[in-house]
Every structure is written in C-alpha cells, then in structure tokens.
Amino acid sequence: MGQKNVLSVVIPVYNEKDTIGRVVQKVNQCGLKTEIIIVDDCSSDGTREMLRGGYLTGK
C-alpha cells in the first residue's frame, strides 16, 4: 500500500491578522499534502474573526 506524506503544522498566533495568510501560503508551498492547525491565543486585532470567517480556506 502506498504511503502518502502529510506535513502537519501547528501555528500558534497572537495578533497575526496581517501575517498569518503569508505563513499559511508558505507552508502550502512545501510540495507535500498539508494539515495546518492554527491556535489563536486571544488575539485582539481580529485574527480570530478572520480565521473563523474562512478567510484562509476560501469559504
């Protein structure tokens, strides 16, 4: 059975609204299938709302 490589990345964020999109983009450009878990630490700049709104997933 063929095994597929998956890169799992946990990204802790705090007030990263302006940068998290670039970080996720860089991870996705690695050439592997990716699983990205973003953990917000009570950001006050709108990071959490942006993530919940599906900004990074295209929803």
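Val-10, Ile-37 and Val-39 make up a nonpolar patch on the surface, together holding about 250 Å² of accessible area. The model is predicted: local features need pLDDT of at least 70, side-chain atom pairs count only at pLDDT 80 or more, and totals for chains, interfaces and linings use all residues. Residues are numbered from 1 along each chain as its sequence is written, and side-chain values use heavy atoms, with hydrogens and water left out.

User: Why is Val-39 called partly exposed?
Analyst: Buried means under 20% relative accessible area, exposed over 50%, and partly exposed in between (1.4 Å probe, protein chains only). Val-39 has 43%, so Val-39 is partly exposed. Val-39 belongs to strand S2 (residues 33-40).

User: What makes Thr-47 buried?
Analyst: The relative accessible area of Thr-47 is 0%, so Thr-47 counts as buried. Thr-47 lies in helix H2 (residues 47-52).

User: Which residues does Thr-47 contact, leaving aside its neighbours within four places in sequence?
Analyst: Contact means heavy atoms within 4.5 Å. Thr-47 is in contact with Val-13, Asn-15, Glu-16, Lys-17 and Asp-40.

User: How do you know that the buried residues of H1 are on the same side?
Analyst: In H1, the buried residues are Ile-20, Val-24 and Val-27. They cover an arc of only 60° around the axis, so they sit on the same side of H1. The arc is taken from the directions from the helix axis to the C-beta atoms.

User: What is found on the other side of H1?
Analyst: Arg-22 and Lys-26 are exposed there.

User: What covers the buried residues of H1?
Analyst: The cover includes S1, S2 and H2.

Key: Patch = residues over 30% accessible without salt bridge, like charges linked within 9 Å, V, L, I, M, F, W, Y side chains within 5 Å. Areas by Shrake-Rupley, 256 points an atom, 1.4 Å probe, with all protein chains shown as cover. Salt bridge = Lys/Arg side-chain N within 4 Å of Asp/Glu carboxyl O. Helix = DSSP H or I, 4+ residues; strand = E, 2+ residues; numbered from the N terminus.
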